[in-house]
Amino acid sequence: MSFGMGLGAGLKALTAARLGIQTAGQNVANANTVGYSRQRLLLASSVPYQYVGGMQIGTGVDVRTVQRLVDEGLEGRLRMQNGLAAGAQVDHSRWQEIEELFAEPDGGIGQMLGEFFGRVGRLQTDAGDRALRGGVVQAGKVLADGFNLLADRMGTLRRSSFDEVRGLVRQLNEKGAEVAELNLQIVAMEASGQTANDLRDMRDQVVKEMSALADVRVLERDTGSMDLVVAGTLVVAGGRATPLQVQRDGGTTTMVTTVDTRAVLNFQGGRIGALLRHETADNPELMSKVDGMARSLALELNRVHTTGVPRTGFFTSLVSSFAAEDTNNNGVRGDELLSQSGVPFEIQDGALYVTVTNKTTRELERTRIDVDPQSMSLRDFAAALDRIDHLDASLDPVGRLRIQAEQGYGFDFASRLDSSPDSFGSFGGGAPSFATAGQGPFAMTVPASFSVTVGTSTRTVNLAATDFVNPAAATVDELVAAINDDLGGDAVAKNVAGRLVVRANAAGTATTMTLADGAGGPLAALGMATGPRSGQSPGVQVEVSGKYTGSTNQRFTFQANQDGVIGVTPGLTVGVYDESGNLVTTLEVGRGKYSPGGGDLLEVADGIKVSFGPGTISATHGDVFAVDALADSDSSDALVALGLNTFLLGNSAASLRVNPDLLANPDLLAAGTIDATGDGSNMARWMELRGATLAELGDTSFEDYYGDLVGELGFQVASAEATMVAQDQLHATLEAQRQQVSGVNLDEEMVDLVRHQQAFEAASRFISMVSELSRTLVQIGA
Amino acid sequence: MSLRITQSMLYSRSLDDLRRSLAGSTRLQEMVATGRRINRPSDDPAAALRILPLNAEIRDLERMADNVALARESLDLAAANLQDTSSLMLRARELTVQAANGTMSERDRQGLAAEFDQLLDQLVSLGNSRRGDRYLFAGTRSDRAPFALVTDAAGTRVVYSGDGNPVSLELAPGLDSDVLVPGDRLFLRRERGATTFEGDTGAAPSGASDSGVGFDLLRVTFAGLAGAPPGMSAGSGPTTALGALTWSFAGGALSIGGGPAVPVTFPVTNQTFTTADGRTVSLSLSAAPVPATGTLTAEAELSIDGGTSTARVDFAASEVQVRNSLEGTVLNVNVAALQRTGTELVKYEGTFDAFTSLIAVRDTLRNTRGESQQTVSARLTSLLGELDAAHEGVLGGLREFGSRSENTILIGSRVQAMRDSAREALSLTQDADLAESIVAFNQQQMVYQAALGVSSRVIQTSLLDFLR
């Protein structure tokens with residue numbers, strides 16, 4: 001051993017202790033630095049000196065390196081957890097915001113809906129009250145406003161994702177560039193054999209921050225550089241970072257792409273991922289449910305409202321709120337098929353019943369329009385309405401359907417009963433009439449003829465092959481058209497309940513009518529009597545009252561079973577048949593059974609009652625009349641779709657609003673189905689709707705559907721919160737684990753300081769000892 | 001290796017714990033402040049699912065409780081009106097009893113008739129009672145007065161212009177109750193019985209179904225001759241005989257219907273002949289009838305609407321239907337024994353309601369047919385029965401309203417009980433137990449303070465404190 005060597009070892013020890021103190025100092029200094037990893041001085045004893053005899057003598061301590069204490073696996077897990085926790089936080093805050101928007105259980109749509117139906121129920125108690133009517137309309141407005149507000153705020157929330165994502169992507173770009181820069185520095189430093197502990201710490205921290213924004217995968221290179229794959233796209237490769245940009249796809253969906261290749265990034269995690277998921281999935285899915293409810297509400301409420309009668313009585317004119325667009329661009333509005341005309345609600349294959357009432361005589365004429373959206377255009381529909389007597393219908397220049405009644409007439413679409421169903425007079429009417437015994441079609445032999453004599457005037461009716469599509473199955477309508485062509489003004493033919501009726505135009509006992517069969521025997525084929533038959537004065541008055549309670553549209557046909565005078569002829573009866581020809585009931589109107597003209601009511605079926613006036617009826621001449629009993633006077637939904645007399649306009653949460661006409665004049669609220677101001681039967685239908693299960697809402701009622709929606713939202717928020725708490729906890733656990741490995745414990749560092757201090761003192765002592773030894777030796781030599 | 005705990009771990013742990021503890025306190029504070037356990041659906045989604053329907057149910061039940069109050073108000077008002085009607089009917093009965101007393105003079109009776117006019121007007125106004133501006137007894141046509149008196153050739157009658165739809169209220173879940181019955185069912189009762197004729201024309205009820213109400217006056221008038229020999233025609237003098245009449249001309253004297261032979265010189269103008277049973281026939285003859293004997297028919301016309309419309313009698317058929325063109329009703333008359341012109345008082349048994357019986361008494365008092373005191377008294381006495389029946393009808397309505405009102409009270413208390421239990425259920429679901437919440441809050445506060453204390457200690461201490 002040489003003294004020099006001893007001094008060298010001492011120096012090394014001093015250096016090691018000093019570095020140890022410095023490291024501890026660095027650790028203490030960075031105890032609160034985010035992302036800092038604890039550093040540790042790694043010492044090793046120096047290569048020993050070979051002494052004589054094979055002994056090895058140590059030469060002191062070597063400082064190997066300053067080690068950074070990091071568990072790389074843990075760091076990876078922590079990065080992932082970082083993303084999950086940040087995503088869960090965004091998720092929770094979004095759901096919480098949505099929950100606030102719904103404002104349940106108080107003050108939300110649920111309450112508005114309840115309030116609306118409550119108002120309807122109150123109006124039902126006094127349908128004539130204008131204040132209560134106004135209450136229903138206003139409650140409807142509040143409800144519609146509630147939907148509008150919700151849709152608006154949900155839309156705003158959804159759109160806010162764009163701005164937020166843009167901000168976050170900017171951060172992502174900055175951090176990506178930072179990582180690339182750090183990569184360059186680290187590679188350069190480590191290539192020269194240095195340790196880049198602090199740079200690595202910084203890089204880890206930046207990557208960690210990035211992983212909170214998006215799903216980031218890390219690829220470590222041997223050179224020490226770190227590549228980052230963000231949302232499946234390589235964004236940082238060594239020293240090069242690819243910037244990202246944000247744009248709106250179709251004005252609604254936020255899209256993140258790379259600036260250079262325009263590749264679309266598909267974010268799964270982190271805050272950006274959560275925001276995008278909210279924008280494209282959670283929010284629209286929830287809104288589509290709210291929209292579905294708004295749509296169903298408009299459809300169902302309008303179905304009832306369109307078939308009601310307002311306080312102001314029957315309509316004299318109506319304009320549709322739907323305006324036809326020229327969707328096929330041929331310059332003509334309304335010539336597209338109804339199924340392709342862009343109406344806000346689907347028009348079904350069904351029937352619409354239009355009733356035209358003479359305001360003076362209160363006589364009404366009901367017409368059935370068969371609506372087939374696959375073969376009918378809006379123009380066809382208008383034409384069908386226009387064909388109805390005393391009604392004008394057309395499309396105006398902006399494509400809206402206008403219906404107008406002649407002066408003195410009113411129209412409606414209600415399912416009310418025709419109180420005088422035999423205004424034509426085919427059931428013992430004042431004028432003589434003949435009817436076929438059964439319903440068409442009939443097997444006719446053509447050409448055929450028969451004569452009709454009214455009084456002294458005779459006319460011959462000719463039936464030709466051209467009058468029929470198939471003479472062997474001649475329909476009543478074809479017969480009616482063919483006969484009316486030849487009858488002139490003496491008589492008229494009509495289809496009554498599927499039977500052909502020929503009736504004289506003059507009434508009274510002096511009018512006699514006779515039919516006579518000619519070539520081809522058409523009367524025999526039709527099963528018509530030939531007469532003569534005289535009229536009577538006055539004719540039998542038939543009145544129908546009550547409310548139809550059946551569930552399907554029904555036509556009751558009444559026919560005389562015998563010939564006789566009502567209330568006089570013993571055993572006289574009237575048979576009532578339903579649409580399929582089944583006997584419903586037999587009404588006793590004979591001697592001692594019925595007092596005609598006294599208003600006595602006979603029960604028919606399903607709430608319908610009938611009363612007869614005095615007079616003669618005849619089975620021989622096929623006396624018959626029919627009563628249309630309607631459960632749904634518009635099974636086609638044409639009125640709802642076109643917006644004729646609707647309560648609500650619009651078909652989504654955002655577009656829902658109360659018909660402005662009703663807001664201006666609550667009298668237009670169709671509370672009844674007849675033109676009596678006290679009739680609240682349409683409100684009763686609304687109330688029934690309240691509890692009804694609706695197929696379009698998955699067989700639930702409005703309130704149940706909404707309740708489920710709110711409940712689901714509650715579960716969603718609760719589960720988002722639970723997820724957030726769990727992810728945070730996991731994050732905290734991992735962070736704690738990281739702290740265990742990489743964190744600075746001040747006590748430890750203190751101990752280290754003391755230890756290194758003592759080592760320094762000891763090393764100094766060693767040096768001074770070696771120095772003393774050498775001085776001793778020098779003295780010996782002197 | 002034992003667990004390394006670092007200072008920043010301590011800090012973040014303490015901070016987390018404090019934060020959690022504070023969040024718990026905040027939640028409890030909100031509960032105490034709002035009094036509710038559930039302030040948003042996520043507080044307890046399962047309970048939130050129950051809250052919305054419960055809220056709706058309570059609102060419904062409150063509305064129904066309002067309906068019950070409304071129903072009771074209407075029912076009580078209607079009952080009060082019927083009570084007044086009942087008093088009015090009693091007054092009418094009193095007056096009728098007085099009038100039936102034979103000692104009353106014609107003048108007094110006319111005076112009484114005027115009083116009955118007033119009673120009728122009162123009755124109509126009772127039928128037109130209103131609550132607010134709604135007519136109580138008009139069905140759903142509640143914006144116009146349902147009853148009106150109409151006087152025309154056919155007499156006085158009351159016309160109902162309301163409808164037959166009852167006003168129905170939802171009094172309890174699933175219970176729609178007809179609160180107000182339409183006035184026609186209340187004031188116009190029909191339990192039709194037989195039709196009776198009072199008169200000497202020989203016309204009789206036919207047994208076919210008639211539809212008149214109360215009294216009708218059947219006028220039987222002469223309508224010319226049929227089957228008379230040439231030269232013989234109806235004179236302008238009074239003809240009371242109807243139906244088949246024989247004539248015989250012998251020795252310059254003419255006998256009609258087996259009556260005394262009257263010597264005549266031709267031409268005969270408007271000469272009245274008398275039959276064996278005292279009926280008269282006014283004839284004009286230009287010459288002696290050929291053949292000398294034969295049978296002619298004195299045609300007849302019937303009317304029950306004061307002559308507005310008539311029905312000619314076909315003596316070959318035994319039955320004639322007479323229509324009241326003003327009211328739309330019919331009367332079937334057996335004319336087999338019809339032999340004399342005149343009037344028949346037709347009574348439709350069982351059709352007397354308050355209106356028709358008052359009208360009948362008044363018309364009897366007016367005595368437009370000029371009947372004797374005894375007849376009028378007898379008829380008034382018989383009308384007492386009709387008045388009583390009509391009164392009974394009113395009382396029946398009154399009883400019905402009474403029991404309905406009582407029933408409504410029961411329903412009302414049930415609805416209130418249901419509402420209370422729904423409120424309780426809601427309270428149980430969404431309200432916070434204040435005592436429990438406050439205790440929990442205090443507990444949380446204690447925990448929070450303890451956590452603060454402990455944290456501050458742990459964070460403060462370090463080896464540094466002891467290294468000197």
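**Chat: helices, sheets and domains**

Mentor: Let's start with a helix pair that spans the two chains: helix α13 (residues 702-742) of chain A and helix α2 (residues 45-100) of chain B have axes that come within 8 Å and cross at roughly 155 degrees. Keep in mind that this is a predicted model.

Trainee: How are α13(A) and α2(B) oriented to each other, roughly parallel or roughly antiparallel?

Mentor: Roughly antiparallel, because angles over 145 degrees count that way, and so α13(A) and α2(B) fall in that class. Their crossing is right-handed.

Trainee: Which residues meet between α13(A) and α2(B)?

Mentor: From α13(A) you have Glu703(A), Gly707(A), Val710(A), Gly711(A), Gly714(A), Phe715(A) and Ala718(A). On the α2(B) side they meet Pro45(B), Ala48(B), Leu49(B), Leu52(B), Pro53(B) and Ala56(B). Sorted by class, that contact has nine nonpolar, three polar and one charged residues.

Trainee: And how many residues does the contact take from chain A and from chain B?

Mentor: Chain A gives 52 residues and chain B gives 50 residues. On the chain A side, α3 (109-125), α13 and α14 (746-781) each supply at least two residues. The largest share of that side comes from α13(A), with 14 residues.

Trainee: What classes do the residues on the side of chain A that touches chain B divide into?

Mentor: They divide into 18 nonpolar, 24 polar and ten charged.

Trainee: OK, new topic. How is chain A divided into domains?

Mentor: Domain 1 covers 3-68 + 743-781, and domain 2 covers 70-309 + 660-742. Then there's domain 3 with 316-415 + 634-644, and domain 4 with 433-629.

Trainee: How far apart are the centres of domain 2 and domain 4 of chain A?

Mentor: Going by C-alpha centres, domain 2 and domain 4 of chain A lie 67 Å apart.

Trainee: What about the domains of chain B?

Mentor: Chain B has domain 1 (53-191 + 381-417) and domain 2 (195-348). The C-alpha centres of those domains of chain B are 45 Å apart. Four residues of domain 1 of chain B are in contact with eight residues of domain 2 of chain B. The domain 1 side of that contact has two nonpolar, no polar and two charged residues.

Trainee: Back to helices. How do α2 and α4 of chain A pack?

Mentor: Helix α2 (residues 72-102) and helix α4 (residues 130-191) of chain A pack at an angle of about 165 degrees, and their axes are 10 Å apart. That makes α2(A) roughly antiparallel to α4(A). The way α2(A) passes α4(A) is a right-handed crossing.

Trainee: Which residues of α2(A) and α4(A) meet there?

Mentor: Glu97(A), Ile98(A) and Leu101(A) come from α2(A), and they meet Leu150(A), Arg153(A), Met154(A) and Leu157(A) of α4(A). By class that contact has five nonpolar, no polar and two charged residues.

Trainee: Can we do sheets? What is the strand order in the open sheet of four strands in chain A?

Mentor: The order is β28-β27-β25-β32, with antiparallel pairing. β28 (583-588) and β32 (624-629) of chain A have a single partner strand each, so one side of each is left without a neighbour in the sheet. From one strand to the next, the twist averages 20 degrees.

Trainee: How many bridges join β25 to β32 in chain A?

Mentor: Six bridges join strand β25 (residues 554-560) of chain A to β32(A). In this pairing, Phe558(A) stands opposite Phe625(A) in β32(A).

Trainee: And the sheet of three strands in chain B, what's its order?

Mentor: That open sheet runs β8-β19-β18 in chain B, and the pairing is antiparallel. Its edge strands are β8 (204-205) and β18 (319-324) of chain B. Six bridges join β18(B) to strand β19 (residues 329-334) of chain B, and Arg323(B) stands opposite Val330(B) in β19(B).

Trainee: Last one: where is the peptide bond to Pro447(A), and is that bond cis or trans?

Mentor: The bond from Val446(A) to Pro447(A) is cis, with omega near -5 degrees. Pro447(A) lies in the loop between β17 (433-435) and β18 (448-454) of chain A. In chain B, the peptide bond from Phe266(B) to Pro267(B) is cis, with omega near -5 degrees. You'll find Pro267(B) in the loop between β13 (262-263) and β14 (268-274) of chain B.

Terms used. Residues numbered from 1 in each chain as written. Chains lettered and ligands numbered in written order. Predicted model: local features only at pLDDT ≥ 70, side-chain atom pairs only at ≥ 80, totals over all residues. Domains from an automatic or database assignment. Axes fitted to C-alpha atoms, helices over the stretch in contact; angles between N-to-C directions. Parallel < 35°, antiparallel > 145°, perpendicular 65-115°, else oblique. Left-handed = near helix turned anticlockwise from the far one by under 90°. Contact = placed C-beta atoms within 7 Å. Nonpolar A, V, L, I, M, F, W, Y, C, P; charged D, E, K, R; others polar. Pairing = 2+ DSSP bridges.
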